[in-house]
Amino acid sequence: MVHKVKGVVARSKGAPVTLETILVPDPGPGEALVDIITSGVCHTDLHYKLGGISDDFPFLLGHEATGVVSAVGPDVTDVAPGDRVVLNWRAVCGNCRACNRGEAQYCFNTHNATQKMTLEDGTELSAALGIGAFIEKTLVAAGQCTKVDPDADAAAIGLLGCGVMAGLGAAINTGGVKRGDSVAVIGCGGVGVAAIAGAALAGATTIVAVDIDAKKLERAKELGATHTVDSSASDPVEKIRELTGGFGADVVIDAVGRPETYKQAFYARDLAGTVVLVGVPTPDMTLELPLLDVFGRGGSLKSSWYGDCLPSRDFPMLISLYKQGKLDLDAFVTERITIDQVEEAFGKMHSGSVLRSVVEL
Ligand SMILES: NC(=O)c1ccc[n+]([C@@H]2O[C@H](COP(=O)([O-])OP(=O)(O)OC[C@H]3O[C@@H](n4cnc5c(N)ncnc54)[C@H](O)[C@@H]3O)[C@@H](O)[C@H]2O)c1
Ligand SMILES: [Zn+2]
Ligand SMILES: [Zn+2]
């Protein structure tokens, strides 16, 4: 059977998104059909719409979602109809080089659904991050469904499906922030603020939030920043050094992903410190740094895909911390919107007025 549902599509580079009728097939082997409850609007959706990720238009957008499994393929045993799930874009394969050495968080061969969702005329859709969740029902690989506690707010926990997990993981997993560390985070949108929350959770004692938008800095304080720097008004490298005894931070996280913010991160880090790039650059961007500085300053320069998370390990653990009141996921949900308001939500993302708009289906 084919399901006819409404979903949000980016048809061509830069064009406003449209609400389209989409055909979703029943799940085949290894697949699951999921009724979406909520889906957050992430900057990566905007990157897709603007052609910054690939040219495989049309895209079915949305990927930070909570849902309920409604059907599974014949061979699927890990999830069953009725299960509450958060969707992930790291359904690990179990037998690539990374999986074989016990580092499934780096899996090089993650799974998506095999069948395609299409427009009514048969045009195949590219699902954002292999998910596509601004839609009433979506088709994913069964491994993209992480079973979670049904007794937690769907809008809040769904954000673990991408941006909030990426930020938390950039601090906790990739950056390896420890008790007593100093941390600076450049860019305080959903991802950056999550990195601040992650640093706080890990016990960092100095947490510097950097943004060009004063509103974002206010919110960063609420989630654990001990200091803020408006980098439109002053040099963030100097300020971060001042706030860390003149040395720089142990871990600096670039949650913007531009050459200039990366350079700031590079020079705002203490000797032997760590830079984590979690913001996503566009294909035209290049970076120039004196190689002697790369060598001489030591430490490590890391990139963080999805916060180096393992969904089956990290989502339930973080939801448990949320329910214990130790991780404020509610703070990330600025507004709840309907499926026809995604374009407006992109506008608000630009204006800096929201951390996350979450579509309720
Ligand atoms: N690595 C991953 O797995 C992953 C996952 C999700 C999102 N992302 C990426 O993370 C980035 C941030 O996503 P988001 O949803 O938080 O976006 P967002 O638009 O909500 O936030 C971006 C923030 O950066 C600030 N900013 C912009 N230019 C700046 C500059 N020059 N200096 C300082 N601050 C600046 C903005 O004011 C804003 O607060 C995006 O590139 C997104 O694609 C990465
Ligand atoms: Zn693998
Ligand atoms: Zn995302």
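**Close-up views of a predicted model**

**View 1. The end of helix 6.** Just after helix 6, G224 adopts a positive phi of about 125°. Helices (H or I, at least four residues) and strands (E, at least two) are DSSP runs, numbered from the N terminus. Keep in mind that this is a predicted model, where local features need pLDDT of at least 70, side-chain atom pairs count only at pLDDT 80 or more, and totals for chains, interfaces and linings use all residues. Residues are numbered from 1 along each chain as its sequence is written, and chains are lettered from A and ligands numbered from 1 in the order in which they are written.

**View 2. The two sides of helix 6.** Helix 6 spans residues 214-222, with K216, R219 and A220 buried (20 or more other C-beta atoms, placed from the backbone, within 10 Å of the residue's own). Seen down the helix axis, the directions from the axis to the C-beta atoms of these buried residues fall within an arc of 105°, so they line one face of helix 6. On the other side, A214 and E222 are exposed (12 or fewer such atoms). The cover over the buried residues includes helix 5 (190-202), strand 12 (206-211) and strand 13 (227-230), judged by contact (C-beta atoms, placed from the backbone, within 7 Å).

View 3. Six strands, in the order 13-12-11-14-15-16, form an open sheet with parallel pairing (at least two DSSP bridges between two strands). Its edge strands are strand 13 and strand 16 (300-303), each pairing on one side only. Strand 15 (residues 269-277) is joined to strand 16 by four bridges, and T274 has S300 as its bridge partner in strand 16.

Key. Contact = placed C-beta atoms within 7 Å.
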